[in-house]
Amino acid sequence: MLMCRRWFVCSLRGQYRSFSFSASRRTVMPAWVIDKYGKNEVLRFTKNAALPIINYPNEVIVKVHAAGINPIDISMRGGYGAATMAMKRDPLNINQTGSEFPLILGRDVSGEIMECGLDVNCFKPGDQVWAAVPPWKQGGLAEFVVLSANEVSHKPKSLRHVEAASIPYVAATAWSAIVNTGGLNKDNCAKKRVLILGGSGGVGTFAIQMIKAWGAHVTVTCSQNAERLVRDLGADDVVDYTAGPVEKQLQTLEKFDLILDNIGGETEKWALDLLKPWNGAKYVTLLTPFLHNTDQLGLADGMMQSGVTIGCKVLKHLRKGVHYRWGFFAPSGPTLDEISEMVDSGKVRPVVEEVFSFPEVPQAFQKIEQGHARGKTVVSITEDQKE
C-alpha cells in the first residue's frame, strides 16, 4: 500500500523540475574530507570540495542541514571496507587505487532538495527530506550530497533536521536486520520475544521502539546507567552487563524468537542457546567478518572465505533447531517512508545524545570513539529552515 501511495504521489509531482541550482555554476563547497585512511588527524576541513553533480536521471542533490555520524564512519576513516567500497564505486576497475579521495564521511542526512534529475517525479526542489547514505557514496559531512531518489524519503514533519538526522542509517540497518533478515514485521511481531544485545546505541534505541510498537516483548542488555533510557523507549526487561556474566542472567529468562546482536565477539558462543529451538527462531548479528575478509584477502578470496564461514555456522546451528544470520545495512527510501509515518504518529522518537557544530566534526568523531553511546551523535551543518 505504501509503495502504491509513493507511486501515486510521484506521478502527481511529475510536473515539477528545476535546474536553477546548476545554473548558478558553483563548483566547490565546504566539507570535511579525508585524503588517506588513518586516525582523527586525517580529517580535513576544506571550502573547495567538488560540488556534487547529477550524473544519472534518477538522482537528486540535497542541501544538507544536519548529518549523523555512526561507528561505521570511524571504521571507514581507518580504511575498513575499502576493497568492497572500491568495487561498488568502480565495478570495472577503471580508476586508480586511491581514486576515492578526497572522501567525505557521514551516513545520515536531513536537508532540502535542491535539484532533481529528469526521471525524478517523487520530489521537487524545496522538499524537506532525509536519507541514509550508502557507504560507497560521498557522505553527508558537506554542504551538498547527491543521492538516488529511491534512497531518499520525505522527512517526518514533526522533527527538526538535527533530530531527523539521527535516524535514517540506524533505522535502515535495524529494519534490514529485523524485517528482511529476521522475518519480523508489524503483522507477525505481536507477542514475539526479542532480545537486543547492546540496546543503548543508535541501532538498539531505534530497534527497541520499532518492535515494541509492533507488539513484541523486548529484552535489552546495557549498562546500568543506560537502563532508564531503554526502559523509557519501551524495553520490558533490562539486563545489566556490569552486574555479572550477562549470559547467566539471560539464561534465567524465557527463550527468544529473535536475537539482534549489536556487540559480536564472544556473544556468539552462548547467545544462540537462548533461542527457542525448532520454532523458526533466528539470531541476527550486525558484526560480520565480510568487509574484514575482503580487505585482508581481496574481493574474490574474501567473499569465498565469508561464504565458507557463514555456511558452516548456518549448518552448525541448524542442527540445533535455530537459524544463524548476518545482518547488513540496506538503503531504502520506501523503508524510510514507513519509518517517517511511525515517527509522526508518535511510535518512534529520535534519541540524540549530542549535537556538534560543523567546525566540531573532529570532536564528534572523538565522542563516538569513546564508545558507550546513548543514542546518536549529530552534526548541525546549516541552521534549520522551512520546518
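The model is predicted: local features require pLDDT of at least 70, side-chain atom pairs count only at pLDDT 80 or more, and totals for chains, interfaces and linings use all residues. Residues are numbered from 1 along each chain as its sequence is written, and side-chain values use heavy atoms, with hydrogens and water left out.

**The largest pocket**

Begin by selecting Pro71, Ile72, Tyr169, Leu286 and Leu287, which lie nearest the centre of the largest pocket among its 50 lining residues. The elements that give two or more residues to this lining include helix 3 (71–77), helix 6 (168–181) and helix 14 (361–369). The volume of the pocket is about 1,400 Å³. A pocket is an open set of points on a 1 Å grid over the protein atoms alone, with protein on both sides within 12 Å along at least five of seven lines; a cavity is a set where a 1.4 Å probe fits but cannot get out, and lining residues have an atom within 4 Å of a point. Grid points are joined across faces, edges and corners, and a volume is the space filled by probe spheres set on the points. Helices (H or I, at least four residues) and strands (E, at least two) are DSSP runs, numbered from the N terminus.

**Asp261**

Next, select Asp261 in strand 11 (residues 258–261). Asp261 is buried but has no salt bridge, and Lys313, the nearest side chain of opposite charge, is 9.4 Å away. Buried means under 20% relative accessible area, exposed over 50%, and partly exposed in between (1.4 Å probe, protein chains only). A salt bridge is a side-chain nitrogen of Lys or Arg within 4 Å of a carboxyl oxygen of Asp or Glu; for charge, Lys and Arg count as positive and Asp and Glu as negative, while His and the chain ends are not counted. Show Tyr283 as well: its side chain makes a polar contact with that of Asp261 at 2.6 Å. Such a contact is a pair of N or O atoms within 3.5 Å; within protein, one must be able to donate a hydrogen and the other to accept it, and residues adjacent in sequence count only if both atoms are side-chain atoms.

**Salt bridges**

The count of salt bridges comes to 13. Select Lys63 and Glu143, whose closest N and O atoms are 3.2 Å apart. Lys63 lies in strand 3 (residues 59–69) and Glu143 in the loop between strand 5 (128–132) and strand 6 (144–148), so the pair ties together parts that are 80 residues apart in sequence. Both Lys63 and Glu143 are buried.

Move to Asp73 and Arg107, which form a salt bridge at 3.5 Å, N to O. Asp73 is in helix 3 and Arg107 in the loop between helix 4 and strand 4 (108–116), 34 residues apart. Asp73 and Arg107 are also buried.

Then select Arg231 and Glu227, joined by a salt bridge at 2.9 Å, N to O. Arg231 is partly exposed at 37% relative accessibility, and Glu227 is partly exposed at 26%.

In helix 14, select the buried residues Val361, Pro362, Ala364, Phe365, Lys367 and Ile368. Just after this helix, Gly371 takes a positive phi of about 75 degrees.

Finally, select Ser166, Val170, Phe206 and Lys376, which are among the residues lining the largest cavity. This cavity holds about 60 Å³ of space, and helix 7 gives the most to its lining, with four residues.
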